[in-house]
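This report describes a ligand site and several individual residues. Please examine the sequence and structure shown below before reading on.

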Amino acid sequence: MTRTVYVNGEYLPETEASVSIFDRGFLFADAVYEVTSVLGGKLIDFDGHAVRLERSLNELGIESPISKEDLLEVHRNLVKENGIDEGLVYLQISRGADSDRDFVFPDTDKVKPTVVLFTQNKPGLAETVKPIKVISVEDIRWGRRDIKTVQLLYPSMGKMMAKAAGADDAWLVEDGFVTEGTSNNAYIVKGGKIITRALSNDILHGITRAAVLRFAREAQMEVEERNFTIEEAQEADEAFFTSASAFVMPVVEIDGVQLGDGQPGPVMTRLREIYLEESLKKAE
Ligand code: PDD
């Protein structure tokens, strides 16, 4: 089925949508993005994603080209138009298409940001729990991982390194400590305590992370935001990751070492239940 997508104010069939070859997102990865999940035809945590988008744009000095209200409307229209019950909405905003290739940012009076949105249909998204095997790879990304830019080559290479090693994903390690997964935030559980790296410029401030930690604390679970190593993770009772596209997902093997009995653990399982239940209540 041909999807309807959104490009700069227009709803078009995906086959007719296009962006200039001079777009700075294409030439310089000068763009930010968001991925919002859809469950039961409704958006999960739209507000969190909209707030983070605003922050990413601000950090890069890209003027926000669309209001939060209009963005919500575009999300909803695409979900409806494409009949998405479970899936994702991808949003990308670049600094725009200049008239030529130039490292210098274009004049904001002349060049307006490019806004692109499309949906991804993922039936069974809420039910899918896949025990994940991860490998560790060195984190050689840039220093502003808190900004959700489309510079995803290294995360993509990390996934390929994992596949080549017979695993599913990679956890990135810097100065001996896990930063995050290629496209998710990383956690371990020891003695019932949930341990995850604290927020800084080193990791993306996950919207799912914020919700899961809030729900965990509300459920009287102990949370510790601190660095951990691969060795500590291998000795943990459980490990898992969070993202808008996977919610809460168990990690059962790290660099070839199986965790516990190799099955999804009780803390992760409970967190996934609470997350889905509570997020659906506020879905819009
Ligand atoms: N990735 N860390 C990184 C590096 C990410 O790319 C993501 C999300 C996360 C989790 O953030 P959130 O909970 O807000 O989805 C953490 C998205 C899903 C992606 O690139 O497809």
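## Residues with positive phi

N8 is found in the loop between strand 1 (4-7) and strand 2 (10-13); helices (H or I, at least four residues) and strands (E, at least two) are DSSP runs, numbered from the N terminus. This is a predicted model, in which local features need pLDDT of at least 70 and side-chain atom pairs count only at pLDDT 80 or more, while totals for chains, interfaces and linings use all residues. Residues are numbered from 1 along each chain as its sequence is written, and side-chain values use heavy atoms, with hydrogens and water left out.

Although N8 is not a glycine, its phi is positive, at about 45 degrees. N8 counts as partly exposed because its relative accessibility is 44%; buried means under 20% relative accessible area, exposed over 50%, and partly exposed in between (1.4 Å probe, protein chains only). F247, in strand 14 (residues 247-254), is also a residue other than glycine with a positive phi, near 60 degrees. F247 is buried, with a relative accessible area of 0%.

## The ligand site

The space taken by the ligand is the largest pocket. A pocket is defined on a 1 Å grid over the protein atoms alone, as an open set of points with protein on both sides within 12 Å along at least five of seven lines; a cavity is a set of points where a 1.4 Å probe fits but cannot get out, and lining residues have an atom within 4 Å of a point. A molecule sits in a cavity or pocket if more than half of its atoms lie within 2 Å of its grid points. The elements giving two or more residues to the shell around the ligand are strand 3 (31-39), helix 2 (46-60), helix 5 and strand 13 (238-243).

Of the 19 residues around the ligand, Y33, E180, I207, T208 and A244 come nearest; a residue is near a molecule or strand if one of its heavy atoms lies within 4 Å of it. An N or O atom in the side chain of Y33 is 2.6 Å from an oxygen atom of the ligand, and a backbone N or O atom of I207 lies 2.8 Å from a ligand oxygen atom. For K148, an N or O atom of the side chain is 3.3 Å from a nitrogen atom of the ligand. Taken alone the ligand exposes 480 Å², and the protein buries 90% of that; accessible areas come from the Shrake-Rupley method with a 1.4 Å probe, and for residues only the protein chains shown count as cover.

## E180

E180 lies in strand 9 (residues 177-181) and counts as buried, because its relative accessibility is 3%. Its side chain makes polar contacts with the side chains of R141 (2.9 Å) and N185 (3.4 Å). A polar contact is a pair of N or O atoms within 3.5 Å; within protein, one must be able to donate a hydrogen and the other to accept it, and residues adjacent in sequence count only if both atoms are side-chain atoms.

G206 is placed in the loop between strand 11 (193-196) and helix 5 (207-218), and is buried, with a relative accessible area of 10%. Leaving aside neighbours within four places in sequence, G206 is in contact (heavy atoms within 4.5 Å) with R52 and N185. The C-alpha atoms of G206 and A244 are separated by 8.2 Å, and these residues are 38 residues apart along the chain.

T208 lies in helix 5 and is buried, with a relative accessible area of 4%. The T208 side chain reaches the backbone oxygen of S243 at 3.5 Å. Not counting residues up to four places away in sequence, T208 touches T242, S243, A244, F247 and Y275.
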